[in-house]
Amino acid sequence: MKPPRLSDSTLAQLSAAVAQPRYAREACRVGWLHFGAGAFHRAHQAYYADRLLERDPRWAISAVALHSSAVRDALAPQNNLYCLAELAEPAQLRVIGALREILVAPSERPAVFARLEAPETRLVTLTVTEKGYCLRGDGRLDFEHPDIAHDLRADGAVRSVIGFLAEGLRRRYARSVAPFAVVSCDNLPDNGPTLHAAVTAFAAQRDPALARWIEHDVSFPRTMVDSITPATDADLIARVTAESGLYDAGPVQRERFTQWVIEDLPAVQVADWAAVGVTLARDVSVYDRAKLRVVNGAHSALAYLGLLRGHATVAEAMCDPRLAHCVERMLREEVAPSLRASGSFEVGAYIEATLERFRTPSVRHQLAQIAWDGSKKLPLRLLPSVVAAMATARPFPRLALSLAAWMRFVIGQARGGGGLTDPQAERLLAIGRACTDQPEHDVAGFLALEDIFPRELADAVVFRTAVAQGYRGLGANGSLSDVERE
Ligand code: CS2
């Protein structure tokens, strides 16, 4: 017999082992708007909101899906309830009640603007991935991006998150409503200030006074978010349904570890963050640099090297002793020197803890998922460590190898016809098809992509040589013999 579906009216039938909202959902009010209703948001920020709601009813979330209606369609019959599986042995399930509604932007623009305009909306968060910011390689807003060009002409009928934020803030400004805080939860260095500059630049094209208001009066704190969130699959749906006793079409999963650090600005001091485990910090850059270069840098290295070596998940790749050793040395010898210790933060311990997280067998995190959008990720995750190494004349063979592995991965996809999930897929596949397995030639083809590899870096002989050497040693199947004894 098919179990009943998770919803407000079936919650009483939930297995006793599953935690459920300990607050009256109907008494909660929406004070938080979120762009990007994907798994990471539902596993991370919505979890913290759920815990805030236990003590303060103002923090129900209105989530906006920018493109697809899939999440809305899965959760609507469930009153937007879903299960979060915290992966450990055994997994811990909890039903999250923080989502009030899911708006699908293209068809529900007026409802999104109503939330953006509402004085009760004090917090706007985003998880739209690196490419959602429509930035150029130098981190500034790309006015040639089709969505930005469209939104500047659109007179409110916007489709990018930059357009939504600028238009939402314009409406508040016009009605003298105090601004909300805008909290980027994506893996970009200085995510707050970067987004702040992009929204201000967009607004300046429409109204200089609005741009000045955004620049001076709207807060865009820096943040660091961290929790490994493997994509939802049929396996998770089946497990959650079996363990909870209720059918859930949209569960999410993440590792037990979760971290959220927000820059301590007055505009974010609106909720009792400390009570739910969120850290407010004066200097977030220590955390965000370490997160991007260690957790995300190692992830990307493992993804490309691991896929070449025939692995499917991070935990599997970590069981490959040569690969694990290579990534560990990359972190300790090539990345760590670029990070500063601060207060209780100690780089060596952070690396140790990160590798331990990667080894957790219950977290089946697909390397193919991490391999997405390499053209947007590598410049933020690996290149800053390379630049820091070059500045102090330190060698960086494993960082170079990881970049070469990305090139080999792209070539493999081009030759095998597997396609690529990347905003630059067309250009990358064309470069991949033109490769001849001659290291200098092939590497030069990729390094010519200026919005990934800044000209000065691509022209540096030390850099070109290191990547070509990595590429040569790696071959097409990920041999590590050049950097580690096989
Ligand atoms: C991963 C991240 O998919 C990826 O590129 O590196 O999603 C990573 O799992 C998270 O940032 C961890 O917090």
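The model is a predicted one.

Start at the ligand. Its surroundings are made up of Asn 187, Asp 226, Ser 227, Ile 228, Lys 291, Asn 296, His 299, His 365, Ile 370, Lys 377 and Arg 381. Sort this shell by type, and you get 5 polar residues, 4 charged ones and 2 nonpolar ones.

Where does the shell come from? Domain 1 (8-281) and domain 2 (285-485) each give at least three residues to the shell. Two helices also stand out. Helix 10 (285-308) and helix 15 (374-381) each provide at least two shell residues. Helix 10 makes the largest contribution, with 3 residues.

Now look at single atoms. The side chain of Asn 187 has an N or O atom 3.0 Å from an oxygen atom of the ligand. For Lys 291, a side-chain N or O atom is 2.9 Å from a ligand oxygen. Arg 381 also has a polar side-chain atom 2.9 Å from an oxygen atom of the ligand. How much of the ligand's accessible area does the protein cover? On its own, the ligand has 340 Å² of accessible area, and the protein covers 88% of this.

Next, turn to helix 9, which spans residues 234-244. Its buried residues are Leu 236, Val 240, Thr 241 and Ser 244. Why do these residues lie on the same side of helix 9? They share a side because they cover an arc of only 125 degrees around the axis. The other side of helix 9 has exposed residues, Ala 234 and Ala 242.

Notes
Residues numbered from 1 in each chain as written. Predicted model: local features only at pLDDT ≥ 70, side-chain atom pairs only at ≥ 80, totals over all residues. Heavy atoms only, no water. Near = heavy atom within 4 Å. Polar contact = N/O pair within 3.5 Å; in protein donor to acceptor, adjacent residues only side chain to side chain. Areas by Shrake-Rupley, 256 points an atom, 1.4 Å probe, with all protein chains shown as cover. Helix = DSSP H or I, 4+ residues; strand = E, 2+ residues; numbered from the N terminus. Nonpolar A, V, L, I, M, F, W, Y, C, P; charged D, E, K, R; others polar. Domains from an automatic or database assignment. Buried < 20%, exposed > 50% of the residue type's maximum accessible area, 1.4 Å probe, protein only. Arc of directions from axis to C-beta.
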